[in-house]
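This briefing is for a reader who is new to the structure shown below. Please keep the sequence and the 3D view at hand while reading.

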Amino acid sequence: MRSRTAPWVLLAPFLVLFIGTMIIPIIMAIGYSFTRVERSGLLGEAGVESVFAGLSNYIAALTNANFIASIGRMVLFGAVQVTVMIVAATVLALLLETASAKWPGFFRAAYFLPYGIPGVIATILWSFLYIPGLSPIVDVLGAVGINIDFLGPNMVLWSIANIVTWTYTGYNMLIIIAQLKSIPGELYEAAKIDGASTFRVAMAIQLPLIRPALLLTVIFSIIGTLQLFAEPRLLQTMSAGITSEYTPNMSAYAFAFQYNDIGMAAAQSVIIALAAFLLSAIALGVSNWTEKRS
Amino acid sequence: MSTTDIDETTTGRRKPLGNAAKAARGDGRAGARDAGRKPTTTIIITALLAIVALYFLVPVYWVVINATKSTEDLFGTSGFWFGENFQLFENLGAVLSANDGIFPRWGLNSLLYAGVGSVLATYFATAAGYALAKYRFPGRGFVYALVLGGVLVPGTAVALPLFFLFSSIGITNTYWSVLIPSLVSPFGLFLASIYASAAVPDEMLEAGRIDGVGELGLFHRLALPQLTPALVTILLFQFVAIWNNYMLPLVMLADEKLYPITLGLDNWRAQTDRLPEFYQLTIGGALLSVIPLAILILVLQRFWRGGLTEGSVKG
């Protein structure tokens, strides 16, 4: 085989699947988002007809109070949860790498373990720890006079944040540790000769050098936040605070399968995808810009 | 953002540090940055890490303890310790036999989706990543941009349109509807291409060509062995991603027999409101599904970290 066709042969299986399961669905979603389905007959059995709807689905989505509220909720959620998680992951990574800690291998494994537990199972486990009467945590807190309703309408968002933080902190910590390990030993040696404290080393050497890893984790976390679906959907039956349009993804799902409004569901999917795309692109741009500047 | 401040601090510090680094190398000493730490620091940091470890382990501890209880004990006794009756094996037996053994079937389904999906996805992503890294051909930049776009679009945003596509060709509610989308790993392609451009030298490929090895042979016999750390990383990521997936099977599957564990357990948990015995089934099922993955994670953690580290160093 000539080396001109070789790369395409190697690329072919991936590209075919990639186009089939990502590009075509995205194009279809864009198509649906500009159409409106009109049904005739009681259950649509007399025929359905797609008509061009212009931007009306987008206008409907962006003026839908519940959808806007769900986006606002995710912005709040992301601002708090992603920050807490990344700070926690960084601090844990730095502490584990100070080499002052005993049994770093055990701690690393313990922190990373939740990543292997599916979000659905993690939510089921935590939900049992949130239910009064079942949860020893609620019992213990109640005994010392703290009464928290983890599933209350205002609290439940942070109960979800707790599940997400629990699942992904260790994973992000490992990415940061990997980057920390790539810092040449001479830098630490030099800092020691300069008399720098551990804190100073962390601020002046470690944090700046792990910035690419931090950026990566922040981008993935933002995309993850926009996709939030399994956790709130599972807790929905237990908490009055979670509506079926609680997150943007739940909203799109509800419009597709409960309200049978595929045009609206598609428009919302496109908006979610576009938002994730833009946020990531901005984050990448900012990082390139600061790197060039320094 | 305070990152710029930190950055300026470093640029300010870089010069003296650089000189000192040279001095250190001149002395012939490297590493050993942790010699002579105070024992009190060790105790404080270890205690801190232990408290954090408690947080991460509490749900797992809870499920292990409570899988041994009867339904009365579950509500009647403290969740942090064993109940009056130890009936772990009865509970697990009930999990495995409930509904004509639907739980083992869910387990096999998960294994099929995640096992077959991750192996094929890794192979496809690596082949494509290697092609992008090691060949210069027209259209290369376009393919890169296309795949980057794919990485940034959230998977769940694609799940709904994918359902419309699959239902138009009539393969929803089949194994294929979950398996086919699991075969694509744009992230894996990037990792493979970064890794291949660093770990597979052009000279090696040229030498192979001179020896008369075909282009596909170059990939399979020369490049693949070099890419093993990247392969392990991609495989693990994809396995966990498919195993954990919830929205895709939820959207695609209606038949309970095709469910993966995640969807099945969700089904059981939803019935706890009406039928309290489902609490024991859900807890036992959660325990059984956590164990194999926990072992996998703990055993493969070392490989995974190794793969990530080398990828980031060389990339």
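The model is a predicted one. Chain A is made up of 13 helices and 2 strands, whereas chain B has 14 helices and 0 strands. The contact between the chains draws on 94 residues of chain A and 99 residues of chain B.

**Chain A as a whole**

- Chain A has 294 residues, and 48% of them count as buried.
- The radius of gyration of chain A is 24 Å, while a compact globule of 294 residues would have one near 19 Å.
- Taking contacts in chain A between residues at least 6 apart in sequence, 68% join residues at least 24 apart.

**Chain B as a whole**

- Chain B has 315 residues, of which 41% count as buried.
- The pattern of chain B, read along the sequence, is α-α-α-α-α-α-α-α-α-α-α-α-α-α.
- Taking contacts in chain B between residues at least 6 apart in sequence, 75% join residues at least 24 apart.

**Where the chains touch**

- The contact takes 94 residues from chain A and 99 residues from chain B.
- On the side of chain A that touches chain B, helix H1 (residues 6-33) of chain A gives the largest share, with 18 residues.
- That side of chain A divides by class into 66 nonpolar, 19 polar and 9 charged residues.

**A helix pair in chain A**

- Helix H3 (residues 65-97) of chain A and helix H7 (residues 156-181) of chain A have axes that come within 7 Å and cross at roughly 40°.
- H3(A) and H7(A) cross in a right-handed sense.
- The contact of H3(A) with H7(A) includes 18 nonpolar, 5 polar and 2 charged residues.

**Helix pairs in chain B that share H11**

- Helix H8 (residues 186-199) of chain B and helix H11 (residues 228-244) of chain B have axes that come within 10 Å and cross at roughly 170°.
- Angles over 145 degrees count as roughly antiparallel, and that is therefore how H8(B) and H11(B) run relative to each other.
- From H8(B), the residues in this contact are Phe187(B), Gly188(B), Leu191(B), Ala192(B) and Tyr195(B).
- From H11(B), Ala230(B), Thr233(B), Ile234(B), Phe237(B) and Gln238(B) take part in the contact with H8(B).
- By class, the contact of H8(B) with H11(B) has 7 nonpolar, 3 polar and no charged residues.
- Helix H4 (residues 88-134) of chain B also packs with H11(B), at an angle of about 145° and with the axes 8 Å apart.
- The crossing of H4(B) and H11(B) is right-handed.
- H4(B) brings several residues to this contact, among them Tyr113(B), Ala114(B), Gly117(B) and Ala121(B).
- The H11(B) side of the contact with H4(B) includes Leu231(B), Leu235(B), Phe239(B) and Trp243(B).
- The residues of the contact of H4(B) with H11(B) divide into 11 nonpolar, 6 polar and no charged.
- Ile234(B) and Gln238(B) of H11(B) take part in the contact with H8(B) and also in the contact with H4(B).

**Residues with a positive phi**

- Most residues other than glycine have a negative phi.
- Trp103(A) has a positive phi, near 45°, and lies in the loop between H3 and helix H4 (104-112) of chain A.
- Trp103(A) counts as partly exposed because it has 14 C-beta neighbours inside 10 Å.
- Asn173(B) also has a positive phi, near 60°, and lies in the loop between helix H6 (155-168) and helix H7 (175-179) of chain B.
- Asn173(B) is partly exposed because 15 other C-beta atoms lie within 10 Å.

**A residue in a chain A helix**

- Ala281(A) belongs to helix H13 (residues 262-293) of chain A.
- Ala281(A) has 14 other C-beta atoms within 10 Å and is therefore partly exposed.
- Ala281(A) and Ala266(A) are 15 residues apart along the chain, and their C-alpha atoms are separated by 22 Å.

Notes
Residues numbered from 1 in each chain as written. Chains lettered and ligands numbered in written order. Predicted model: local features only at pLDDT ≥ 70, side-chain atom pairs only at ≥ 80, totals over all residues. Axes fitted to C-alpha atoms, helices over the stretch in contact; angles between N-to-C directions. Helix = DSSP H or I, 4+ residues; strand = E, 2+ residues; numbered from the N terminus. Left-handed = near helix turned anticlockwise from the far one by under 90°. Nonpolar A, V, L, I, M, F, W, Y, C, P; charged D, E, K, R; others polar. Buried ≥ 20, exposed ≤ 12 C-beta atoms within 10 Å, placed from the backbone. Contact = placed C-beta atoms within 7 Å. Rg over C-alpha atoms; globule rule 2.2 N^0.38 Å. Parallel < 35°, antiparallel > 145°, perpendicular 65-115°, else oblique.
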